[in-house]
Amino acid sequence: MRLRERDKQTITLRAPEMVQEADASTSQGWSAEPVALRGHVQPAGGKLLAEMYGLRAAYMRSVFAEPGQLAVSIEGFGVWLNVPSTAAPDYKVVAVRPWGGHTVIDMEVWGRG
C-alpha cells in the first residue's frame, strides 16, 4: 500500500553530535548534514503506544513513511517539523518500527523525555 502524495510532508532530521564549547565543555548539538524524509505525520495513538509510553503518548507524533527512504538508523535524531531549521528541534525520534508495508517513526516532543 502506498501513501497519498498529498498527505505527505517533508521532515528534516539531523543526527546528534557533541559540540565543544570555547571553555572546553561539551554539549549536545546537531549535525550540519540534514536528512530529508517524506511521510504522513499524525498524532500518535492507539492501544500499543498507550501501553508502551503511557501518558507520554499525548506528546508524540507518528510518521508513516514508505520503506527504502532511510539508509541509516535514525533513533535519537532531532526532528524539525514545525520550526525553521535555524531553531532547536521540536521533536526527537524515539522508535522506528516496521508496520505492514510502511516504516513507522515515533517522535516525542523535544525536552519531555
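1. In this predicted model, Leu 37 touches Gln 9, Thr 10, Ile 11, Leu 13, Val 63, Ala 65, Gln 69, Leu 70 and Ile 105, when residues up to four places away in sequence are left out of the count. Leu 37 belongs to strand β4, which spans residues 35–43, and it counts as buried because its relative accessibility is 2%, under the 20% cut-off.

2. The largest nonpolar core has 14 residues, of which Leu 13, Val 79, Val 93 and Met 107 touch the most other members. Two or more residues come to this core from each of β1 (9–14), β4, β5 (60–65), β7 (91–99) and β8 (102–109). Apart from it lies another core, made of six residues, including Ala 44, Leu 49, Ala 57 and Ala 95. As for Met 107, its contacts beyond four places in sequence include Tyr 59, Met 60, Val 63, Val 79, Leu 81 and Val 93.

3. Strands β2 (residues 16–20) and β3 (residues 26–30) pair in the antiparallel sense over five bridges, and Met 18 has Gln 28 in β3 as its bridge partner. The two strands form a hairpin with five residues between them, and in the turn Ala 24 has a positive phi of about 75 degrees.

4. Three aromatic pairs are found in a search of the whole structure. One of them, Trp 30 with Trp 110, is edge-to-face, at 5.3 Å centre to centre and with 70 degrees between the planes. Because Trp 30 lies in strand β3 and Trp 110 in the segment after β8, this pair ties together parts that are 80 residues apart in sequence. Trp 110 is partly exposed, with a relative accessible area of 34%.

5. The rings of Phe 64 and Trp 99 also form an edge-to-face pair, with centres 5.7 Å apart and planes at 70 degrees. This pair links strand β5, which holds Phe 64, to strand β7, which holds Trp 99, across 35 residues. Phe 64 is buried, its relative accessible area being 15%.

6. Trp 30, Trp 80 and Trp 110 form one aromatic cluster. Over the ring of Trp 80 sits the charged end of Arg 14, 5.0 Å from the ring centre.

How values were computed
Residues numbered from 1 in each chain as written. Predicted model: local features only at pLDDT ≥ 70, side-chain atom pairs only at ≥ 80, totals over all residues. Heavy atoms only, no water. Helix = DSSP H or I, 4+ residues; strand = E, 2+ residues; numbered from the N terminus. Buried < 20%, exposed > 50% of the residue type's maximum accessible area, 1.4 Å probe, protein only. Contact = heavy atoms within 4.5 Å. Core = buried A, V, L, I, M, F, W, Y, C linked by side-chain atoms within 4.5 Å. Pairing = 2+ DSSP bridges. Phe/Tyr/Trp six-rings, centres within 6.5 Å; stacked < 30°, edge-to-face > 60°. Lys NZ or Arg CZ within 6 Å of the ring centre and 35° of its normal.
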